[in-house]
Amino acid sequence: MGTNSLPTSERHAEDFSGDELPFSERDSAHLPGHWLLARLGKRVLRPGGLELTQHMLDHAKAEGGDVVEFAPGLGRTATEILGHSPASYIGVDEDPKAAAIVGQIVAGRGHCITANASDTGLPEASADVVVGEAMLTMQSDRGRQKIIAEAARLLRPGGRYAIHELGLQPDTLDTKVKNAIRKELAQSIKVSARPLTAAEWTALLKDAGFEVDWVDAAPMALLNMKRNIADEGIIGVLRIVKNLLKDSQARSRVLTMKRTFTKYKKHINGIAIVAHKLG
Ligand SMILES: C[S@@+](CC[C@H](N)C(=O)[O-])C[C@H]1O[C@@H](n2cnc3c(N)ncnc32)[C@H](O)[C@@H]1O
């Protein structure tokens with residue numbers, strides 16, 4: 001059976017490709033980095049990898065709760081969240097193609113709306129858990145404050161906000177180095193990227209009325225072979241390599257990204273935090 005004929009509730013992130021993906025009309029030289037990697041077949045698009053996501057979800061305690069996921073992308077984490085048996089799942093992605101993909105992955109158990117996470121239109125105090133990965137990093141300072149405020153508005157008191165983003169280390173990192181990292185990341189991934197230190201991420205959450213319960217980090221190994229075998233499986237890695245061999249623009253982009261990640265590997269990581277709403 002071809003993947004397109006699978007019943008919708010049995011579709012997974014790996015089943016979507018080509019025109020179904022966001023930005024399918026754009027050439028590989030100009031695609032935002034995460035959609036370039038998605039076109040190549042990568043499905044785990046957050047800096048700390050699937051294992052850090054799984055630890056984060058264990059601490060978010062989604063079982064039996066109402067879950068909202070900001071920016072689910074291709075729905076890889078949506079599948080993990082459903083594995084925790086939530087009472088309900090709502091994805092919120094601003095890209096209509098991503099929202100359509102996630103809608104099919106969670107069909108029968110939840111749905112996905114096309115909206116900006118800073119203004120979801122969902123009812124106040126309607127969620128027990130809000131999850132968001134690899135999405136705050138790419139916002140302006142004001143943009144991420146608005147998204148965190150929206151998470152606080154959606155959560156019931158005591159509800160958990162789980163984030164997984166690009167981190168900087170150590171907390172004392174020099175401002176000049178931070179600025180150089182931001183500039184080079186933006187140039188190579190072609191999306192504004194503003195990673196923060198653990199202290200800065202924690203302060204943002206505290207300012208919005210959260211208390212931090214758990215913090216963990218993993219190396220930023222998005223393009224490392226070992227991480228990719230763990231996250232995408234051998235078949236997934238072979239698919240990525242095959243697609244890379246066919247697309248010279250994509251190869252050159254990936255090499256540039258990898259060079260930037262390697263240059264700053266001491267100072268960038270994947271950081272995950274679970275905080276609860278006070279009050
Ligand atoms: C890097 S991908 C992350 C996908 C997924 N969370 C993951 O970790 O694999 C970024 C996703 O965030 C979505 N996105 C970015 N900013 C957003 C916002 N303000 N509101 C809703 N979705 C957003 C994009 O459309 C895209 O699907």
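The exercises below work through a predicted model of one protein, each with its solution.

**Exercise 1. Overall form**

Solution: 
- Step 1. List the secondary structure: nine helices and eight strands.
- Step 2. Turn to burial and surface. Of the 279 residues, 52% are buried.
- Step 3. Look at how the chain meets itself. Of the contacts between residues at least 6 apart in sequence, 74% join residues at least 24 apart.
- Step 4. Finish with charge. There are 36 positive and 34 negative charges, and their mean positions lie 7 Å apart.

**Exercise 2. Glu165**

Task: State whether Glu165 is buried or exposed, and find which backbone nitrogens its side chain reaches.

Solution: 
- Step 1. Locate the residue: Glu165 is part of strand S5, which covers residues 155–168.
- Step 2. Check its accessibility. The relative accessible area of Glu165 is 0%, and the cut-off for buried is under 20%, so Glu165 is buried.
- Step 3. Find the polar partners. A polar atom of the Glu165 side chain lies 3.3 Å from the backbone nitrogen of Ala134. The side chain also reaches the backbone nitrogen of Leu136, at 2.9 Å.
- Step 4. Widen the view to contacts beyond four places in sequence. Those of Glu165 include Glu133, Ala134, Met135, Leu136 and Thr137, as well as Pro47, Trp201 and Asn269.
- Step 5. Compare with a residue elsewhere in the chain. Gly108 is 57 residues from Glu165 in sequence, and their C-alpha atoms are 29 Å apart.

**Exercise 3. Arg46**

Task: Identify which side chains make polar contacts with the side chain of Arg46, and say where Arg46 lies.

Solution: 
- Step 1. Arg46 sits in the loop between helix H1 (33–40) and helix H2 (49–60).
- Step 2. Judge its burial: with 6% relative accessibility, Arg46 counts as buried.
- Step 3. List the polar contacts. The Arg46 side chain meets that of Thr77 at 2.9 Å and that of Glu133 at 3.5 Å.

**Exercise 4. Helix H1 and its cover**

Task: Explain why H1 is described as largely enclosed, and name helices that cover its buried residues.

Solution: 
- Step 1. Count the buried positions. Six of the eight residues of H1 are buried, so H1 is largely enclosed by the rest of the structure.
- Step 2. Name them: Gly33, Trp35, Leu36, Leu37, Ala38 and Leu40.
- Step 3. Identify the cover, which includes helix H4 (96–105), H6, helix H8 (225–246) and helix H9 (248–263).
- Step 4. Look at a residue in H6, one of these covering helices. Ser188 belongs to H6 (residues 175–189) and is buried at 3% relative accessibility. Its side chain makes a polar contact with the side chain of Thr260 at 3.5 Å. Ser188 is also in contact with Arg253, Thr256 and Met257.
- Step 5. Note what comes after H1: Gly41 follows, with a positive phi near 115°.

**Exercise 5. Backbone exceptions**

Task: Find which residues other than glycine have a positive phi, and where a cis peptide bond occurs.

Solution: 
- Step 1. Take Ala125, whose phi is near 50°. Ala125 lies in the loop between strand S3 (110–114) and strand S4 (127–133) and is partly exposed at 37%.
- Step 2. Take Ala134, whose phi is also positive, near 50°. Ala134 belongs to the loop between S4 and helix H5 (141–154), and its relative accessibility of 24% makes it partly exposed.
- Step 3. Find the cis bond. The peptide bond from Gln169 to Pro170 is cis, with omega near -5°. Pro170 lies in the loop between S5 and H6.

How values were computed:
Residues numbered from 1 in each chain as written. Predicted model: local features only at pLDDT ≥ 70, side-chain atom pairs only at ≥ 80, totals over all residues. Heavy atoms only, no water. Helix = DSSP H or I, 4+ residues; strand = E, 2+ residues; numbered from the N terminus. Buried < 20%, exposed > 50% of the residue type's maximum accessible area, 1.4 Å probe, protein only. Contact = heavy atoms within 4.5 Å. Lys, Arg positive; Asp, Glu negative; His and termini not counted. Charge placed at Lys NZ, Arg CZ, Asp CG, Glu CD. Polar contact = N/O pair within 3.5 Å; in protein donor to acceptor, adjacent residues only side chain to side chain.
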